[in-house]
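Please keep the structure open beside them and look up each element as it comes.

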Amino acid sequence: MAFVSILANLPLELFLQVIADETLSNRDLKALRLTCSGWAHHAEPHLFRRIVISRLREDKIKFEQISNTPHLARHVQQLVWHELCLEVWTPPATEEDDDFEYMNSLLTRAANDSQLFWFPRKRQPRVRRAYIIKYFRGRFVDALNRMPKLRTFISCSMPPERTFYYEDYPLHAGLYSINQNIDLPGGNDGFFEIMLPLIADQQRIEALHLADERTDRSSLRRGMEPFAFNALTSIDLCISHFEEDDLDGLIICLLEAAELKNLSLCFERTSSSTGKQVVDKILLFHSWPHLTSLQLGGTRFSRELLGRFCRRHSEQLRHLALVMCRVSVRDLMQLTGLQLDSITIRSNNDEFSHFIPQGRILPFINGESYSIIATERYRLLEQHMCEIRTEVSIYDHHNCSTAAYFDSKLGLFSEAYPITDLMEINSGSEEVDMEFGDSQEKTYWAWGKLGQATYYWRVDRPELANTETTFWKFTKENGLVEAYGEDPLEYFADWDADAGDVATPMPYCAKLHEFSWSRRVGRLVPLEGACRYDRYENPWLDVFGPSETRNTTTSYLRNRSYQRPQY
């Protein structure tokens, strides 16, 4: 109740910032909406900003209920179609196991049940399927006409952990992604059967974000009408197993988007050669006079063509993101003379890639600094074709990293799972490895700047913090041996907290280091308790910084006579 009273007394502008916080989940917003009618009025635009539909009947019912409620429908800006390709699923080979046979039978019955799935499979009578689709298209158009702010269509695979019940058994959507017949066409049926015709007819949709549902075959091989791209200003495509024969169709469609402002292409689930062919053709022949942001993911490219493309668009281009593209310093040398506001280089290989803060790369790209190598620790990068990064990403085996999710609250492009924010991708697994931090009392840190200097300090509550502790100083019971890291067992096989070994929380992490190089001001620095952060020399850089700047194990183990145990 105390928390409620505090929120109730907040000035309106502060309260609006609270409910717009991107860390609030839909569950949080629902709870806030149900607290009182006044709060519901402010929470609804965030809660109903993005809605979902799928071939599940329960999702269709919720979609129609929202569209038929004017005070909710007016807030909808994005419509997500969660795809579930039942057409290519085949029951696994039956074993001599009654439970296995029953589950196969249950999944087959569920896939053909019109009470569970309103969108029929192609294996069902063709006339019935065509009638249902044609009938729903009319209702779909009427529903969207009641959503005046809707401008974005998103098509992506249904989350594999999505649970629905059939004959009182819980079934997961991921079960239908197992044992798919690669020879059968299909994928993203909701987009091609329902969404795409509407984009072509009405020309009101401005942003399209399409992630291939299947990992073995691209749905884009079904073909798209180029004129459907006429009104699009934002295109985000995540493509899997694209064939060379389909290149021309995709390139023609992109050419039709004359008003394009944001372009994102992800090829991490297709061959590197095919992805490079598509990208190089686009970089060579395409020009969009209004292009402000470009993202490429999971592909190689010609550095000369990328440089020429960016310079052709230099008057408008302000944001460049290269995700898992194995970018080197030599690639950056081709990008000089631009006027970028941000450049993001993500890598899923933190061991063999070198971290350079965005704040050091931008001045070089924009011609404000002679070299991105401003300190001795980066000089070797100019002499080798080593991979560099401004952020670290981790691959989600369920989806592409970009996954066609566009959210204006998060900026121009979605996060590719920054490793410092990643909680647990594989949350459905029954066995989870226990991390050292899970056994420690939660401690939190905040940071800010005074002039050019960065300061950090400890806080009591997570809502006041920028991060929780992920890095510790480990001290053995004799006090003579120290080490720094995320897990004491990396250094001490005989670590025993009960015997007096101590783990001291430290604020150091990738977020803090990146902040120290950024232009952000951060939080208000308190008069007492704040410590100055040294971005050139600190234990975190010794352990996780660029490899040529890391000290050896014996140098950050303060007792040099101590030998790291062999396992």
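1. Helices (H or I, at least four residues) and strands (E, at least two) are DSSP runs, numbered from the N terminus. Counted in this way, the protein chain has 17 helices and 21 strands. The model is a predicted one, in which local features need pLDDT of at least 70 and side-chain atom pairs count only at pLDDT 80 or more, whereas totals for chains, interfaces and linings use all residues. Residues are numbered from 1 along each chain as its sequence is written, and side-chain values use heavy atoms, with hydrogens and water left out.

2. Of the 567 residues in the protein chain, 49% are buried, a word that here means under 20% relative accessible area, with exposed meaning over 50% and partly exposed in between (1.4 Å probe, protein chains only). Contact means heavy atoms within 4.5 Å; among contacts between residues at least 6 apart in sequence, 72% join residues at least 24 apart.

3. Which strands form the open sheet, and in what order? The order is β19-β18-β20, with antiparallel pairing, where two strands pair if DSSP finds at least two bridges between them. The edge strands, each pairing on one side only, are β19 (482-485) and β20 (502-506). Strand β18 (residues 471-475) is joined to β19 by four bridges in the antiparallel sense, and Trp-472 has Gly-485 in β19 as its bridge partner.

4. Two packed helices are described by the angle between their axes and the distance between the axes. For helix α10 (residues 247-256) and helix α11 (residues 272-285), the angle is about 35° and the axes are 11 Å apart; axes are lines fitted to C-alpha atoms, for helices over the stretch in contact, and angles run from 0 to 180 degrees between N-to-C directions. The residues making this contact include Leu-250 and Ile-251 of α10, together with Val-278 and Ile-282 of α11.

5. Asp-331 lies in helix α13 (residues 329-333), and this residue counts as buried because its relative accessible area is 4%. Leaving aside residues up to four places away in sequence, Asp-331 touches Arg-300, Arg-303 and Arg-326. The C-alpha atoms of Asp-331 and Arg-303 are separated by 5.4 Å, although the two residues are 28 residues apart along the chain.

6. How many disulfides are there? The count is zero, a disulfide being a pair of cysteine sulfur atoms within 2.5 Å. Cys-85 counts as buried because its relative accessibility is 2%, while Cys-531, at 36%, counts as partly exposed.
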